[in-house]
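I opened this entry to keep track of what I looked up, one topic at a time. Short notes follow.

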Amino acid sequence: MLFQISAIYAAIIAVGVLVLSNIVSANRGRTGISIHHGDDQRLALAIRRHGNLVENAALALFLLALCEARGMPGWGLHALGLVLVASRIVHAIGLDAANPMQPLRIAGGVGTQLMLLASATYLLWSQL
């Protein structure tokens, strides 16, 4: 079991984590704030974009790998992985403190939840 497909999406997400982490670091350098965000909204937004990705992607990638280990067809794994990546991208773009109902943020959150639900459903179903 080589996790060939889930590894692709783990690598893509890892690049996203690195990009968002570097944006946080650049904002920390700009503000001189090393802990938390002070009252700097750009830094706070960068921190949340990074944090939201890390918080959601860990479980999603774990479930994707379990689906692969359980024998989910490649098309299903790619569908779940693409939904995850697209959802996390649009969520980060749509995250806006001034507009919590921003459509991209909502689409990203819903897409991520659907990916988690589909993965969990497959894992439960494959156990029967």
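**Core.** I began with the largest nonpolar core, which has 20 residues. Ile13, Cys67 and Met115 are the ones with the most contacts inside this core. I then looked up where the core residues come from: helix H1 (4-31), helix H2 (41-69), helix H3 (74-94) and helix H4 (103-127) each supply at least two. H2 gives the most, with 7 residues. I noted that what I am reading is a predicted model.

Leaving aside neighbours within four places in sequence, Ile13 is in contact with Leu53, Ala57, Leu61, Leu84 and Val85.

**Overall layout.** I counted elements next and found 4 helices and 0 strands in the chain. Read from the N terminus, the order is α-α-α-α. The C-alpha atoms fill a box of roughly 55 × 30 × 20 Å along the principal axes. The chain has 128 residues, and buried residues make up 34% of them.

I also looked at how far contacts reach along the sequence. Of the contacts between residues at least 6 apart, 60% join residues at least 24 apart.

**Charges.** The chain has 8 positive and 5 negative charges, and their mean positions are 2 Å apart. Side chains of opposite charge can pair when their charged atoms come close. How many salt bridges does the structure hold? I found 2.

One of these joins Arg30 and Asp40, with the closest N and O atoms 2.8 Å apart. Arg30 lies in helix H1 and Asp40 in the loop between H1 and H2, so this pair ties together parts that are 10 residues apart in sequence. I looked up the cover on both partners. Arg30 counts as partly exposed because its relative accessibility is 39%. Asp40 has a relative accessible area of 19%, so it counts as buried, the cut-off being under 20%.

In the other entry, the side chains of Arg48 and Glu55 meet in a salt bridge at 3.1 Å, N to O. Arg48 is partly exposed, with a relative accessible area of 35%.

**Arg88.** I wanted to know about a charged residue without a partner. Arg88 is found in helix H3. Arg88 is buried yet has no salt bridge. Which side chain of opposite charge is nearest to Arg88, and how far away is it? It is Glu55, at 7.2 Å. A salt bridge needs the nitrogen and oxygen within 4 Å. Glu55 is also the residue that I had already listed with Arg48. Not counting residues up to four places away in sequence, Arg88 touches Asn52, Leu53, Asn56, Gly108, Gly109 and Thr112.

**Leu123.** I moved on to helix H4, where Leu123 has its place. Is Leu123 buried or exposed? I have it as buried, because its relative accessibility is 15%. With residues up to four places away left out, Leu123 touches Leu63, Leu66, Cys67 and Arg70. Cys67 was on my list of residues with the most contacts inside the core. I also compared positions: Leu123 and Leu84 are 39 residues apart in sequence and 17 Å apart in space, C-alpha to C-alpha.

**Ala46.** Ala46 lies in helix H2. Ala46 counts as buried because its relative accessibility is 6%. The C-alpha atoms of Ala46 and Leu80 are separated by 26 Å, with the two residues 34 apart along the chain.

**Backbone.** Last, I looked for positive phi values in residues other than glycine. Phe3 has a phi near 55 degrees. Phe3 lies in the segment before H1 and is partly exposed, with a relative accessible area of 29%. His36 also has a positive phi, of about 60 degrees, although it is not a glycine. I located His36 in the loop between H1 and H2, which is also where Asp40 lies. At a relative accessible area of 61%, His36 is exposed.

Methods. Residues numbered from 1 in each chain as written. Predicted model: local features only at pLDDT ≥ 70, side-chain atom pairs only at ≥ 80, totals over all residues. Heavy atoms only, no water. Core = buried A, V, L, I, M, F, W, Y, C linked by side-chain atoms within 4.5 Å. Buried < 20%, exposed > 50% of the residue type's maximum accessible area, 1.4 Å probe, protein only. Contact = heavy atoms within 4.5 Å. Lys, Arg positive; Asp, Glu negative; His and termini not counted. Charge placed at Lys NZ, Arg CZ, Asp CG, Glu CD.
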